[in-house]
Amino acid sequence: MDRKRCTLKLLVQPSRGLVDEMFIILVQKAPSGFQLTVHALHKCEDGHSWEAFGHYTADTIGTVNVSEDPSLGGTYSGVEQMGLLWSLRPVPGSKPGLRLRKMNVQIPMEVTISVYQGHQTEGFMDQVPLASVVVERWYMAPGVSRIPITEDGLTATLFLPPGPGPFPGLLDLWGGGGQLVEYRASLLASHGIASLALDYLTAKIIMETGKMVDLQYFEKAYKILEQHPQVHGSSIGMLGLSLGTSITLKMAVYSEVMKLRCAVCISGCHMQPVDGSVEEILKYFNQNADRTRISEENELIWRDVLLPVPSDLAFKVDMGRLKCPLLVVVGEDDQNWPASESAMDMEEMMEQAGNSHLLTVLSYPKAGHLIEPPYTPHARASLFKSLATREKMIVLWGGETAAHSRAQEDAWRKLLVFLKENLYSGSNPGTTSLSHL
Amino acid sequence: MIVTLRLSTMSPPTSPILSVQPTRGLVDEKLKVVVESLPPGSPVTLHSLHHSEDEDYWEAFGHYVSDFRGMVSVSEDLSFGGTYTGKEDMGLLWSMRPVPGSRKGLRLRKMNVCSPMLHNISVYSGHVSEGFREQTPLTSVLVERWYMAPGVKRIDIMEKGVRGTLFIPPGPGPFPGLLDMWGGGGGLIEYRSALLASHGYVSLAMDYFNSQELESADLEFKYFETAFNIIKEHPQVIPDRVGMFGLSLGSLVTMHVAAESTIVKPRCCICVSGSHFYPRDRTIKEVIMEPRSNSHRLRIDENNHHVWRDMWIHLLDDPSKKVDVGKINCPILLVNGKDDQNVPADECAEDIALLMNAAGNGHLLSRVLYPDTGHLIEPPYSPHFRASNFKAAGVATKTVMLLWGGQTKPHSDAQEDAWRKILSFLQHNLYSSTPPRAKL
């Protein structure tokens, strides 16, 4: 194709969107039947490059619409509107075990979407594309305020939606990797929920004293939300992933201080010493470390460490005492935690206790452990720094990319509905039906 | 007896939910504003507030009533009052005006295009018409409106005496180019160029008043030719696809260069609200000062606004005072408002058509004339002002309140329609591979 006279047009709408918004990618005025590759390139904060691509054939009027036309090959295939984002993977030659996570949520992810001639699979960086545009993907909507919280010895960040409020509140907990991870909380604030991202493993107070936090640490975080003038004190929920679910369930069932309106547990379990805080939970997990398996690719599989589900009630949260709606999200290929087995046991406990109407379980075949906000790339395994050994090793999370990405999209949608219905509505907690989901 | 304990003593929030899409968009993109979870049949006010770079506050508002589902959709429902009425999906932007108590004669223009315009869109209970700042809205969101798409590059140009800003679309190119010129207020106004680059055109916004050395008409003419060539010779520009775009005085310069230059051959021209009164051997300063020699034709209306349109009309009868439009040999689009109080755009367009038809190049001319539309035909959804403070650049005059003309609603409709036609004209003449044609 004559580059000088190339009139191919590439349009991506919206050019600036939230991370969980869909976009439309349109190629127009290509020659009829033209073979082309639509390519996405992202350079992350760590300096690594990620790419995804799909092979398309223009129709008789020279158009390719990624939301309607099938990709014939590449990092994704079939009709996949958001494939160029969820199938992003490190470019060839990258170091192994990478995971894409945004740490600075105040600036967007920039993705360059380009069109290349022909059906290509490599060497994109050595070629000049026919056209390219830049797309911004934001974890924070305009007007969301980011407020670092350091009082009461907490290491946390509060995200407030724009507007007068008052807003429902949410405590947001990540897992065993620690750090203060803000992106899910900022995204939830972009949906109208005042969200507090809390570091409870590598917080400043832990680094200084050398001791793990106790349960009061979480209650203090709850109080910060409850007493905030723009937060509706009786509409506070809690969301945890992985180790964060252990804390969430413990607080939801046993805390006298925290009156949670609802809770969400992603890829977690209810097995833990009922008495005891973070330190005891971690010790409990480590006692069966010898049950760790290694995959053929030398990745660590941890799911057996917490199995079998104990019958001893001193080692699992008494789910029968739960009084608020609970959404449990499980990946059936989770190689890190036995989330499926735990979900089944929780359901059984609640059925026996008569409060199973509070429980909703979303179980996704071929989804792994890291069920994140949608359209972010799937990491089947990645480098993980264990707090116990302080070593970095490659851990198997599980999941098959396309199915895992579909699970992320569906789970996020349902999570938002669950939170909105339970934190906003005027009905009594526990009566919200999710049967329409 | 069973006592049921409620878990909470206060009911959870039931505030309405306001959603505005997109929250970050280009200034020429439409907004979808929807309010849900209102009580059915309740009166609400949708309000938009903008704090300008000059520190003034601008606002717009519409009065709505929620339907049986408790919903208001600005693109579907009627506003019953406020700064706009009827079914107006973009009324919250184009009907903005300075809040009560503001300075007079304000004009809203974005000077820093690297940051967005911020609008606070809020929902108030009831039909409110004033005192918005003293009340708390039910809910509000912040919306960003950008003149620059992501990936557009902004480059300061200071080359061969030409001062301006070049905007380059993302991607390898090569792209068609545009020389973008504003009017007699001078300065370096970048927003239209940034927006044009966001649509795929390498665009040079030019400041043509600052050079002290432009004392002769010849030097001045060369300045425009040089600027045109800077674009044409840029490695990412297709050399035979460079056009010119001007408003008001810029429009005049565009016609002048298109007609008289032997060096520069624009592929097409867009002239918004321009006249054709520009003799070959005069400088811009002389052109601006020309009507002042007829200051008895200056009218000052009942609001103390200066009306300039009549100061030019006598020039229509003097061929030596007009651009020789018969020599233009590229497609040219004239966009004018019938209520232009600054320049007799209507009469000029008629005269241009007559002259071009007589010369045999009338097939190159397209014209659009909008009723009740004034002089400042800007990119869509920007607020309309019938008059504003104006100080002519480069000449020793004082600031006056100039009457531009136009009625807000028709003028805003014209801006939206004109922009669509302009983009279509540019797409056809600068992007399409078929030979250029004048007709839209």
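The model is predicted. Chain A and chain B bury about 3200 Å² between them, and a search over all chains finds 38 salt bridges in the whole structure. Across the interface of chain A and chain B, however, the rule finds 0 salt bridges.

**Interface of chain A and chain B**

- On the chain A side 40 residues are in contact with chain B, and 39 residues of chain B take part in return.
- The size of an interface is often expressed as the accessible area that is lost when the parts come together.
- Here the buried area is about 3200 Å², and carbon and sulfur atoms give 57% of that area.
- Residue pairs in polar contact across the interface number 3, counting pairs with both residues at pLDDT 80 or more.
- At least two residues each of the side of chain A that touches chain B are supplied by strand 1 (9-13), strand 2 (16-18), strand 9 (131-138), strand 14 (231-241) and helix 8 (401-424) of chain A.
- Strand 9 of chain A gives the largest share of that side, with 6 residues.
- By residue type, the side of chain A that touches chain B holds 18 nonpolar, 12 polar and 10 charged residues.

**Helix packing in chain A**

- Helix 4 (residues 215-227) of chain A packs against helix 5 (residues 243-254) of chain A at an angle of about 75 degrees, and their axes are 11 Å apart.
- Helix 4 of chain A is therefore roughly perpendicular to helix 5 of chain A, since angles of 65 to 115 degrees count as such.
- Helix 4 of chain A contributes Leu215(A), Phe218(A) and Glu219(A) to the contact, while helix 5 of chain A contributes Ile247(A), Lys250(A) and Met251(A).
- The residues of this contact divide into 4 nonpolar and 2 charged, with no polar ones.

**A salt bridge within a helix**

- Lys204(A) and Glu208(A) form a salt bridge, with their closest N and O atoms 3.2 Å apart.
- Both residues belong to helix 3 (residues 204-209) of chain A, where Lys204(A) and Glu208(A) are 4 residues apart, about one turn of the helix.

**Backbone features**

- Most peptide bonds are trans, and most residues other than glycine have a negative phi.
- In chain A, the peptide bond from Leu307(A) to Pro308(A) is cis, with omega near 0 degrees.
- Pro308(A) is located in the loop between strand 17 (300-301) and strand 18 (326-331) of chain A.
- In chain B, the peptide bond from Gly173(B) to Pro174(B) is cis, with omega near -5 degrees.
- Pro174(B) is located in the loop between strand 11 (162-168) and strand 12 (175-181) of chain B.
- Gln179(A), a residue other than glycine, has a positive phi, near 70 degrees.
- Gln179(A) sits in the loop between strand 12 (167-173) and helix 2 (183-189) of chain A.

Technical notes
Residues are numbered from 1 along each chain as its sequence is written. Chains are lettered from A and ligands numbered from 1 in the order in which they are written. This is a predicted model: local features need pLDDT of at least 70, side-chain atom pairs count only at pLDDT 80 or more; totals for chains, interfaces and linings use all residues. Side-chain values use heavy atoms; hydrogens and water are left out. Contact means heavy atoms within 4.5 Å. Buried area is the accessible area (1.4 Å probe) that two parts lose on being put together, summed over both. A salt bridge is a side-chain nitrogen of Lys or Arg within 4 Å of a carboxyl oxygen of Asp or Glu. A polar contact is a pair of N or O atoms within 3.5 Å; within protein, one must be able to donate a hydrogen and the other to accept it, and residues adjacent in sequence count only if both atoms are side-chain atoms. Ala, Val, Leu, Ile, Met, Phe, Trp, Tyr, Cys and Pro count as nonpolar, Asp, Glu, Lys and Arg as charged, and the others, Gly among them, as polar. Axes are lines fitted to C-alpha atoms, for helices over the stretch in contact, and angles run from 0 to 180 degrees between N-to-C directions. Angles under 35 degrees count as roughly parallel, over 145 as roughly antiparallel, 65 to 115 as roughly perpendicular and the rest as oblique.
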